[in-house]
Amino acid sequence: MEPVMEQANQWRIGSRTFTSRLIVGTGKYASFPLMREAIEASGAEVVTVAVRRLNLDRPDEESLLDHLDRSRITLLPNTAACYTAEEAIRTARLGRELGLSELVKLEVIGDQKTLLPDTEALLEATRVLVKEGFVVMPYTNDDPIMAKKLENAGAACVMPLAAPIGSGQGILNPLNIRLVMEAVSVPVIVDAGVGTASDASVAMELGAAGVLMNTAIAGAQDPVKMARAMRLAVEAGRLAYEAGRIPRKLYATASSPTAGVLPMAEARNR
């Protein structure tokens, strides 16, 4: 396997500094060893863990935590499957009590069919958890107004969805993602709906600080190869953003210089 280029710059969430801009999840894998191999291939330094899906009442059983290298990986407890602010707050507290992390990926789901966020409850839970010292990373819709409210409530970043969770549709509304980034000064991490590497690259080319995904990797026919593809896509997209793309134009612009070049007919007559 050829070496993967290192990211040129670091970025920060709360007091923590990271190099990889790809955050991955731990759900939906066929086995724990496959999960571990895919995470390693992704190069991710932050990995989400759904607190409510850990077998906390069966400590002697094998857990996904047994397959994560916590000396290299920062765990990001996730309040997945919480449908009220109270549930999410309680789950976040449990994750911290278990020693997982002071970070929390805050989800408050508003609808079972779409899994879209309940932003009113999300904002309420953010305010409570920030006061309790959590580094809150809220999963929200692609609304710049709500993004600003979450920042004002103390969120360490905002995580707008690209498309519904697990849908693989890619970034449905790039304009709104741009507006979110314009509205806030905290990092913007595109979360949910990524389907393949080009989606991740587009998110980074828009200027996102990072991309979070789970299903796109775990649900691929070869999760390890897809994890590596996502790693490369995130790196390439970030480099392209930093390089600055050429402007879009309606008409062609010659790529070769024309100054000092004889017209073809004149050149033939010489």
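Trainee: Which residues is serine 42 in contact with, leaving aside its neighbours within four places in sequence?

Mentor: Serine 42 is in contact with Leu22, Val24, Ala227 and Arg231, where contact means heavy atoms within 4.5 Å. This is a predicted model, in which local features need pLDDT of at least 70 and side-chain atom pairs count only at pLDDT 80 or more, while totals for chains, interfaces and linings use all residues. Residues are numbered from 1 along each chain as its sequence is written, and side-chain values use heavy atoms, with hydrogens and water left out.

Trainee: Is serine 42 buried or exposed?

Mentor: Serine 42 is buried, with a relative accessible area of 0%; buried means under 20% relative accessible area, exposed over 50%, and partly exposed in between, using a 1.4 Å probe and protein chains only.

Trainee: Changing topic, how many residues of β7 are buried?

Mentor: Six of the six residues in strand β7, residues 135–140, are buried, strands being DSSP runs of E with at least two residues and helices runs of H or I with at least four, numbered from the N terminus.

Trainee: Which residues sit on each side of β7?

Mentor: Val135, Met137 and Tyr139 lie on one side and Val136, Pro138 and Thr140 on the other. In a regular strand the side chains alternate between the two faces of the sheet.

Trainee: And which strands does β7 pair with?

Mentor: β7 pairs in the parallel sense with β6, residues 103–106, over four bridges, and with β8, residues 159–160, in the parallel sense over two bridges, pairing requiring that DSSP finds at least two bridges between the strands. Leucine 106 has proline 138 of β7 as its bridge partner, and tyrosine 139 stands opposite methionine 159 in β8.
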